[in-house]
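Open the model in your viewer and keep the selection tool ready.

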Amino acid sequence: MLRISQAYVDAIVAHARRDFPDEACGVIAGPEGSDETARLIPMTNADRSPTFFRFDPAEQLALYREMDDQDEEIVVVYHSHTSTEAYPSRTDISYAAEPQAHYLLVSVAETGAADGPAEVRSYRILDGVVTEEEIEITGGDPTASE
């Protein structure tokens, strides 16, 4: 199960709307081995595509160095779908390289950049196998231990 603050969910949905019609992407880092969502890091979709995302390589390298220095790891990899449901595509599955991570997908297919409902779902992807998981949305300060 993914435990995530409402503030992080709201920020991720807002990121998806800002980057529409392209896919938005980013991560949430946390202390190594903890599964705690401690720091939201929106990333740049280097492909600027409505159907694919790829982290900007320079941003990704800087992020990994920073996380290494702070004893953090990626807890959540998120991205948006702009015209399909919040379910991993074959490409998403083939590029899922963080076995410990939750893969959070946000679909803004119904509303695009406008306010309105967004579909938010979370998955574990391991060796090409996709397993949907429950999301527990918490209140309070997202930087506090949840």
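**Stop 1: the core**

This is a predicted model. Start with the largest nonpolar core, which has 18 residues. Select V27, I41, M43, F55, L63, I74 and V77: these touch the most other members. Now colour by element. β2 (25-31), β3 (39-43), α2, β4 (72-81), β5 (102-107) and β6 (119-126) each give two or more residues to this core. The top contributor is β2, with three residues.

As background, nonpolar side chains tend to be buried together in soluble globular proteins.

Next, centre on V27. Which residues is V27 in contact with, leaving aside its neighbours within four places in sequence? Show R39, L40, I41, M43, F55, L63, I74, V76, V77 and Y78.

Then clear the selection and pick I4, V75, L104 and V108. They are among the 14 residues of a second, separate core.

**Stop 2: helix α2**

Select residues 57-69. This is α2, with 13 residues.

D71 follows α2 and has a positive phi, near 55°.

**Stop 3: aromatic pairs**

The structure holds three aromatic pairs. Two are on this tour.

Select F52 and Y95. Their rings are edge-to-face, 5.7 Å centre to centre, with 70° between the planes. This pair links distant parts of the chain, 43 residues apart. F52 sits in the loop between β3 and α2, and Y95 in the loop between α3 (90-94) and β5. Y95 has 60%, so Y95 counts as exposed.

Move on to Y87 and Y123. The ring centres are 5.3 Å apart and the planes lie at 80°, so this pair is edge-to-face. Y87 is in the loop between β4 and α3, whereas Y123 is in strand β6. The two are 36 residues apart, and the pair links distant parts of the chain.

Finish with a surface display over both tyrosines. Y87 is partly exposed, at 36% relative accessibility. Y123 is buried, because its relative accessible area is 0%.

How values were computed
Residues numbered from 1 in each chain as written. Heavy atoms only, no water. Helix = DSSP H or I, 4+ residues; strand = E, 2+ residues; numbered from the N terminus. Expected span 1.5 Å × (residues − 1). Core = buried A, V, L, I, M, F, W, Y, C linked by side-chain atoms within 4.5 Å. Buried < 20%, exposed > 50% of the residue type's maximum accessible area, 1.4 Å probe, protein only. Contact = heavy atoms within 4.5 Å. Phe/Tyr/Trp six-rings, centres within 6.5 Å; stacked < 30°, edge-to-face > 60°.
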